[in-house]
Amino acid sequence: MKNILLIGLGRFGRHIAMRLNDLHHQVMAVDIDEERVNSALAYVTSAQIGDSTNEEFISSLGIANFDVCIVAIGESFQNSLETTSLLKELGAKKVIARASRGIQEKFLMRNGADEVVYPEKQLASWTATRCSSEHILDYIELDKDYSIFELSIPADWNHKTILQLDIRRKYGINVLGVRDHGRLNMNVIPDMELTGDQSILVLGMQKAVQKCFHI
């Protein structure tokens, strides 16, 4: 369990708060808008109404006590930039900031952000990849070359075993798991037989996965 400071409770910030609550982390939420703070109270450990660009206010939160500070401000990039810089000046261990454009990412990194998330870009990439083939059910990009895919079982794989398909030797693709009626089985063995109503979780180079599954 981590102690997390979340600044900004718009739609993006609120969804972060809800997920962190599901994961049982301790979250202090901050927003200048009282209505937003009140709407997030059910998902956070504590909340404050205040201006995150105000040094006196931010200092009062005890920044060094948080494991991670998340800057989820979306309306004003200037406020996001100032908040990120201020958090680092006050001893934040790790700052993750939101960007909505490429140039913002560069400025945030230069002003103290340890990591930058780009939700619009990341969602666009996921959506484009997800829609590029009927086989792709889910997709996680690890870097520019490697990704994890969840894919439906091709018709010609029906009732064949992992050993018979031998996709690791042929394509350099590792089978991580098989999902059967919603349940994910990560205990993959060579004689496991695949059926058309399952899906398969694989890790490999994107080009290799595209070739293997004819994407």
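Me: Is Cys-212 buried or exposed?
Reply: This is a predicted model. A residue counts as buried when its relative accessible area is under 20%. Cys-212 has 6% relative accessibility, so Cys-212 is buried.

Me: Does Cys-69 count as buried or exposed, and at what relative accessibility?
Reply: The cut-off for buried is again under 20%. Cys-69 falls under it and therefore counts as buried, its relative accessibility being 1%.

Me: How many disulfides are there?
Reply: A disulfide is a covalent bond between the sulfur atoms of two cysteines. The rule applied here asks for a pair of cysteine sulfur atoms within 2.5 Å. By this rule the number of disulfides is zero.

Me: Which residue in β8 stands opposite Tyr-139?
Reply: Strand β7 covers residues 136-141 and strand β8 covers residues 146-152. The two form a hairpin with four residues between them, and five bridges pair them in the antiparallel sense. Opposite Tyr-139 in this pairing stands Phe-149.

Me: Which residue in β11 is the bridge partner of Val-178?
Reply: Strand β9 takes in residues 174-180, and strand β11 takes in residues 198-205. They run antiparallel and are joined by six bridges. The partner of Val-178 in β11 is Ile-200.

Me: How much space lies in the largest pocket?
Reply: Rolling a probe the size of a water molecule over the atoms shows where empty space is left. The largest pocket has a lining of 23 residues. Its space comes to about 360 Å³.

Me: Which element gives the largest share of the lining of the largest pocket?
Reply: Two elements give two or more residues to the lining of this pocket, namely α1 (11-22) and β2 (26-31). The largest share is three residues, and it comes from α1.

Key. Residues are numbered from 1 along each chain as its sequence is written. This is a predicted model: local features need pLDDT of at least 70, side-chain atom pairs count only at pLDDT 80 or more; totals for chains, interfaces and linings use all residues. Side-chain values use heavy atoms; hydrogens and water are left out. Two strands pair if DSSP finds at least two bridges between them. On a 1 Å grid over the protein atoms alone, a cavity is a set of points where a 1.4 Å probe fits but cannot get out, and a pocket is an open set with protein on both sides within 12 Å along at least five of seven lines; lining residues have an atom within 4 Å of a point. Grid points are joined across faces, edges and corners, and a volume is the space filled by probe spheres set on the points. Buried means under 20% relative accessible area, exposed over 50%, partly exposed in between (1.4 Å probe, protein chains only).
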